[in-house]
Amino acid sequence: MSDNVTAIASKIKVATVWLDGCSGCHMSFLDMDERLLELGSQFDLVYSPLVDFKVYPESVDVALVEGAISSVEDEHKIHHIRKHTKFLIAMGDCAVTGNVPSMRNPFGPEAILERAYHENVAAQAQIPCVIVPALLERVRPVHEFVEVDMYLPGCPPSADTFYTVLTDLLAGRTPDIAALTRFGA
Amino acid sequence: MSVAVDVKTLVIDGINVSARADQTVLEVARENNIAIPTLCHLDGLSDVGACRMCLVEVKNSPKLFPSCVLKVEEGMEVTTASPRLKHYRQTILELLFAERNHICSVCVSNGHCELQSTAQSQGLTHVCLPYRNPSLPIDASHERFVLDQNRCILCTRCVRVCAEIEGAHVWDVMGRGIDSLVITDLHDPWGESSCTRCGKCVQVCPTGALSDKSKFGSDHPKYPETVSYLNMMREER
Amino acid sequence: MTSEELVQVAETVTAERQAADFEVNVCVALGCLSQHSDKLKDALCAEAVASGRNCRVRGTGCMGLCAAGPLVRVGKPAEAAAQTLYAGVHEADAREVIESLGNKPVERLEAHLDTYFHGQIPIVLENSGYIDPEKIDEYISRDGYQALIHALTEMDPQSVIDQIAKSGLRGRGGGGYPTGLKWSTVAKAVGTQKYVICNADEGDPGAFMDRSVLESDPQRVIEGMAIAGYAVGASKGYIYVRAEYPLAVTRMTSSLQQARRRGLLGNNICGTTFAFDIEIRLGAGAFVCGEETALIASIEGMRGQPRPRPPYPAVSGLWGAPTLINNVETYANVPTILRKGAEWFAGIGTEKSKGTKVFALTGKITNTGLVEIPMGMTLREIIFSIGGGVPNGRKFKAVQTGGPSGGCIPEEHLDLPISYEALIEVGSMMGSGGMIVMDDTSCMVNVARFFMEFCMTESCGKCIPCRAGTAQMYQLLTKICDGRATHADLELLIDLCDVVKNTSLCGLGMTAPNPVLSTLRYFKHEYMEHIEHQHCRAGVCACGRKPANELALAGVTA
């Protein structure tokens, strides 16, 4: 965790992003249910798959990043996100450790594409190459590409964990992550 | 008349404790509710001092000692926790997580894993070291159990329980260094080995490397404490 | 055998030698043997017979200057010092050599090596190159086994230990532990059966001191072990020698048989109640088995993995019994110490490092070979006088001592008098005696990487810091060599060095970071050049072109 944990003025700008993740962390985030309304009074969701903004804003205060970095597009995005974000939280095991997406690493991308798009396909087997971004040689966690300010392990981190962490951050406190969550939680 | 037992007094983390002369610092610390993390240690099995998690500082020595094999001495002053030791323990855990493929979320031992719980208790929230992602096999040839090398931390508890308690010595270690692998017999598939199917190795395995096929999902709690119970029963006989 | 019988044997051998007008000594230790010195010896024999002259051709052990082999020393048997040394001799030269006996020497073969031998004090190597290592009687003719008989018949075990302690001899395997103290501990340890082990698993890359002694003067080691057995109360000894030394194994095997036949091993040695015998055990290709507890595990038939210490082998070692374990070179010093006296030995060397040390001088050096120098001699003298300096007009950069456990010493410390403490102070260590000289074509980062790869592949795998830590450090060093690393990577490497050094179970892991730490201490600029500018000043690393692994395969080395 970096020293960027300071008391932030009300209505801070929060963004959430999903890269190579299953969106489970986002679902768990939403599982805060009515507590979202409470937190919502203190922050603006300025970019998220859950809302309609298309362009990552120039200046974001806190970004919750879900998912590992698996493709050139993920890599491009994470650098952009880091450049325009003050406090970056790696949310969930995929972002923190690589997790399930990284299970392809011992095999290599070629073998995975072969299995998915040739062996397991009955008709028109072909490996997509138009629009679909190229896969990186190895899936890696977010911190191997950019500096991360806080790590939230869990698959997914529970709604309670999200609530405690965000409340602490908004109040300028440093949450004890290990007490709240763990890998595979 | 009873035989006089040699008793030692020592200091652990500033607390005065007493111990039998043949006890280890780890035993005495745990008797006094002082927590020292361990991975390769298991009550009832011989100690190998391999994982290095239980290293403690001893006054007047620049070296660190594994408390699981360190015998108590009169007047010894031991420190079990310090920023330095914490950093070392976290790094050892990071080395383990980065060494093989430990994906907690899909593991049969998720929630019942000593590697996972030790990481949490040591405050580890991410791994700084680059993941190695080696290609490692799974042996599901046994009718009841599975060996997943990706989850093994080479603690050798399986080797020791099979040799010392079951007496079959089916498990051993092959290869050297980072290429080491636990194997059955002479690298025969587990299902074709001289395994007696007692299941003790599964129970003592701290991670999901050894697991029971009959378990669903990650509903696989383990009961390694049965080992010390077996020892006790045998000694009584 | 009694002292008188030994003298008789010695006289017989000497007489035999002097019966010849001339002798032709051919080195048949491994270095020269690899250059077909055995065929050379046969050719010389044939020429000697054909010439009809009264000359004797003998095979001897290592003569020291391996780079100039095959070596042949010729002259009158009684005048060893005046004999002529020929270098680079081949079969075709045999006739010329025989014809030159008693006449003008063959000029083109003459080796002018006064500076090489000047300053050396042969103790461990006092017989190397002068005796046939396959004939026990020749060893006896140079005062061999006098020390053992003297110890058995005129000294008690404690007096033997006192002599060793007084001599100041320290373990020559690398640890530098006071030998007398170790012997004393084993002697005092409780146990009816005790063992003496000779660690001949010499694993450091570039080190061949022990191999040379075992090939050139094996009886010396046997005598040293027997004396040790007497001193500590052991009746059984083991020589654990790496299987990659087949010549040493065959010579030692036959030497043991000869010693038994002469009654110098076995029951009732020299008519006393002392019984002692030695078995050879072969290694199986693991550097870690040079670590004493892993070696003991290997002899016991188990995986060669170290055990936590305490308990130390002196108290509980082989099969739980008190065990004395010393290096080949340590034992090789013992007979001479007892013969010439502890005071004599202590008169050589520095205050805390007594006696001599054999070094294997290799790398970018003119005179590659074995040298035995008194402690206290400076590195400059060894490298530039005895060693002949750096060849091809290149500039000296560093000298690596202590193998994968040691460090690189730069020019600024060349006037360092060699001693255990001095080497540790500058970030290296004595080690077993490997001394690798490097010039400006060596990349210090790649050197560190080379040694880390060695430690990684030789790690036994028992403890996590060494098993996984060396692999991580190796990857980081490769990244640096390839010019793909960041400052954060360097910081991670330095942190891992600290963790692995302080938490590893045995010396392999504990010292694996040393080459990294010492190159960082003196050559940090090279690391920075690789990281910040993708530049390797020695021109070794790819730095952005080809990865270091591929270069290694192409044969480019440090």
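Trainee: Which chains have the most contacts between them, among the two pairs that touch?
Mentor: Chains B and C. Contact means heavy atoms within 4.5 Å. This is a predicted model: local features need pLDDT of at least 70, side-chain atom pairs count only at pLDDT 80 or more, and totals for chains, interfaces and linings use all residues. Residues are numbered from 1 along each chain as its sequence is written, chains are lettered from A and ligands numbered from 1 in the order in which they are written, and side-chain values use heavy atoms, with hydrogens and water left out.

Trainee: How far apart are the nearest C-alpha atoms of chain A and chain C?
Mentor: They are 11 Å apart, and the two chains do not touch.

Trainee: Let's look at chain A. Why is strand β1 of chain A largely enclosed?
Mentor: Five of its seven residues, in the run 12–18, are buried, so the rest of the structure largely encloses β1(A). Buried means under 20% relative accessible area, exposed over 50%, partly exposed in between (1.4 Å probe, protein chains only). Strands (E, at least two residues) and helices (H or I, at least four) are DSSP runs, numbered from the N terminus.

Trainee: Which strands pair with β1(A)?
Mentor: One is β2(A), residues 43–47, parallel over four bridges. There, Lys13(A) stands opposite Asp44(A). Another is β3(A), residues 60–66, parallel over five bridges. Trp18(A) faces Glu66(A) in that pairing. Two strands pair if DSSP finds at least two bridges between them.

Trainee: Now chain C. How many helices and strands?
Mentor: Chain C has 23 helices and 13 strands.

Trainee: What is the strand order in its five-strand open sheet?
Mentor: The order is β10-β9-β13-β11-β12, with mixed pairing. β10 (369–374) and β12 (407–410) of chain C stand at the edges with a single partner strand each, so one side of each has no neighbour in the sheet. Neighbouring strands of this sheet are turned by 30 degrees against each other on average, direction ignored.

Trainee: In which sense do β9(C) and β10(C) pair, parallel or antiparallel?
Mentor: Antiparallel, over six bridges; β9(C) covers residues 356–363. Ala360(C) stands opposite Leu370(C) in β10(C).

Trainee: Which helix lies across β9, β10 and β13 of chain C?
Mentor: Helix α10(C), residues 209–216, running at about 115 degrees to β9(C). Axes are lines fitted to C-alpha atoms, for helices over the stretch in contact, and angles run from 0 to 180 degrees between N-to-C directions.

Trainee: What about Cys27(C), buried or exposed?
Mentor: Buried, at 2% relative accessibility.

Trainee: Back to chain C overall. What radius of gyration does it have?
Mentor: Chain C has 24 Å, which agrees with the value near 24 Å for a compact globule of 558 residues. The radius is taken over C-alpha atoms, and the globule rule is 2.2 Å times the number of residues to the power 0.38. Its C-alpha trace spans about 70 × 60 × 40 Å along the principal axes.

Trainee: What share of chain C's residues count as buried?
Mentor: 62% of the 558.
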